[in-house]
Amino acid sequence: MDYPETISVDLRQMVLAIENAVSLVGMNDTNHGKRVGYIALQMAKALNFSDENLFFIYELGLLHDCGVSSDTVHSYLANLFDWEQSGLHCRIGHDLLSHFEPLKKMAIPILYHHTPWEELQHAETTIFDKRVANLIFIADRIDITAAPYYEKNILLHIETIKKSIAEKSNTYFNPEFVKTFLDISQAEAFWLSLEDRHIEKFAWEMGSLESTKIISLADLKQLAKIFSYIIDQKSSFTVQHSYGVAILSRHIAIKYGLPEIVVDKIEIAAYLHDIGKLHIPDNILEKKGPLSPTERAIINQHSYETFEILRPVTGLEEIALWAAYHHENDIGTGYPFHPEKGKIPLPAKIIAVADVFQALLQDRPYRKGMSLEQSLSILTKMKNESRLDSTIVSLVEDDALKCRELAKKQLSIQELLK
């Protein structure tokens with residue numbers, strides 16, 4: 001099999017992919033980040049921000065909630081104008097991006113994007129960071145206030161939304177920003193552009209613009225780690241699952257003798273393989289009893305969601321497929337694509353074995369983590385049934401202690417993202 005020797009990815013397309021993933025949390029609104037980015041962008045234009053800063057503000061709006069993994073947190077943020085624990089996801093988002101150089105500039109604004117203006121003015125940071133943080137805050141609360149009226153003739157509710165924001169001038173929001181919002185929101189087009197069909201088209205157009213920010217393979221791996229942290233915080237039972245699968249997949253790929261570029265790409269795909277699980281309600285992921293047919297059907301959607309999030313990113317075509325195929329097998333009993341026998345790429349088979357082995361060893365809501373002997377017994381059974389690749393399972397069996405060590409390895413967020 002021939003593999004490309006290098007890989008480079010458009011950073012803006014990756015930012016949009018992160019937004020698409022985070023927007024799956026809660027499931028009742030999949031365009032919040034896109035609308036916050038759009039609102040902040042329109043206000044920044046009216047405030048005469050530079051062209052460079054306009055793109056920065058739009059992407060900041062897309063990523064402002066990257067610290068949200070839980071349905072519960074999403075619900076509070078969406079239903080309460082000022083939730084006393086809103087700072088938690090701000091801190092997580094800050095910590096994630098402060099470890100990634102290409103997006104590091106966003107970390108401080110994300111840290112403060114729920115801080116009221118009257119408090120923010122005393123924060124020990126730059127004037128620019130204070131302004132863009134509050135710009136995201138007002139854009140975020142405009143969208144949350146308007147959310148009940150989308151697709152329900154929002155033009156009938158403009159004055160109610162504007163009044164709610166205007167009342168918080170000089171306390172929650174910079175008065176200059178409130179005035180700008182009141183000015184630009186007089187146009188019906190401002191509100192209609194926020195409807196799903198229009199905001200999705202705008203995001204697609206922004207993603208199609210050529211970006212000068214192309215990230216390297218090393219940067220992509222670091223960004224994949226950020227993704228994995230967001231994914232694994234979805235449930236207390238999946239903490240660092242993606243990390244365990246990634247480093248185990250890398251180890252297996254090296255033992256298999258694959259080229260270094262392929263090993264790196266397999267590791268990245270493994271970090272990203274469960275990103276579609278952000279779409280699954282917390283109560284299903286943490287259910288202690290058997291899943292109902294409906295719940296199982298929801299679970300079985302996650303690898304397709306992974307594919308849909310990753311495939312629009314130019315340069316990630318192979319990685320998207322390898323990640324999305326991690327529940328497929330050669331006898332057609334996997335999901336969600338059912339490829340013909342012989343059509344599953346070797347990297348996807350490696351991730352599949354690592355995913356099963358790590359999950360068996362890890363505590364889950366319905367059982368304690370299994371012993372090494374129990375886990376290997378199940379791998380052998382799945383190998384004999386052609387549900388897992390026999391050569392790859394044999395590599396794990398021959399190096400079982402090291403594979404267990406890697407699969408169960410736990411790191412702090414600082415260690416994980418360094």
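Reply: Start with Pro336. Pro336 sits in the loop between α19 (317–324) and α20. The model is a predicted one.

Me: What makes the bond that joins Tyr335 and Pro336 worth a label?

Reply: Its omega is about 5°, and the peptide bond is cis. Most peptide bonds are trans.

Me: Where does Tyr335 turn up again, relative to the largest pocket?

Reply: The largest pocket holds about 950 Å³ of space. Its lining has 35 residues, and Tyr335 is among the closest to the centre, along with Arg296, His327, Asp355 and Tyr366.

Me: Which helix gives the most to that lining?

Reply: α20, with five residues. Helices that each supply at least two include α16 (282–285), α17 (293–299) and α21 (372–384).

Me: How many residues of the lining are nonpolar, polar and charged?

Reply: The lining of the largest pocket counts 16 nonpolar, 10 polar and nine charged residues. Tyr counts as nonpolar, whereas Asp and Arg count as charged.

Me: Why is α2 called roughly perpendicular to α12?

Reply: Helix α2 (residues 32–46) and helix α12 (residues 196–208) pack at an angle of about 75°. The label covers 65 to 115 degrees. Therefore α2 is roughly perpendicular to α12. The axes of α2 and α12 are 10 Å apart.

Me: Which residues of α2 and α12 meet?

Reply: From α2, Lys34, Arg35, Tyr38 and Leu41. From α12, Asp196, Ile199, Phe202 and Ala203. By class, this contact of α2 with α12 has five nonpolar, no polar and three charged residues.

Me: What is noted about the phi of Asn48?

Reply: Asn48 has a positive phi of about 65°, and it is not a glycine. Most residues other than glycine have a negative phi. Asn48 lies in the loop between α2 and α3 (51–63).

Me: Why is Asn48 called exposed?

Reply: The relative accessible area of Asn48 is 68%. Exposed means over 50%. So Asn48 is exposed.

Me: What about the phi of Glu151?

Reply: Glu151 also is not a glycine, and its phi is positive, about 65°. Glu151 is placed in the loop between α8 (127–146) and α9 (158–166).

Me: Why is Glu151 called partly exposed?

Reply: Glu151 has a relative accessible area of 43%. Buried means under 20%, exposed over 50%, and partly exposed is in between. So Glu151 is partly exposed.

Key. Residues are numbered from 1 along each chain as its sequence is written. This is a predicted model: local features need pLDDT of at least 70, side-chain atom pairs count only at pLDDT 80 or more; totals for chains, interfaces and linings use all residues. Side-chain values use heavy atoms; hydrogens and water are left out. On a 1 Å grid over the protein atoms alone, a cavity is a set of points where a 1.4 Å probe fits but cannot get out, and a pocket is an open set with protein on both sides within 12 Å along at least five of seven lines; lining residues have an atom within 4 Å of a point. Grid points are joined across faces, edges and corners, and a volume is the space filled by probe spheres set on the points. Helices (H or I, at least four residues) and strands (E, at least two) are DSSP runs, numbered from the N terminus. Axes are lines fitted to C-alpha atoms, for helices over the stretch in contact, and angles run from 0 to 180 degrees between N-to-C directions. Angles under 35 degrees count as roughly parallel, over 145 as roughly antiparallel, 65 to 115 as roughly perpendicular and the rest as oblique. Contact means heavy atoms within 4.5 Å. Buried means under 20% relative accessible area, exposed over 50%, partly exposed in between (1.4 Å probe, protein chains only).
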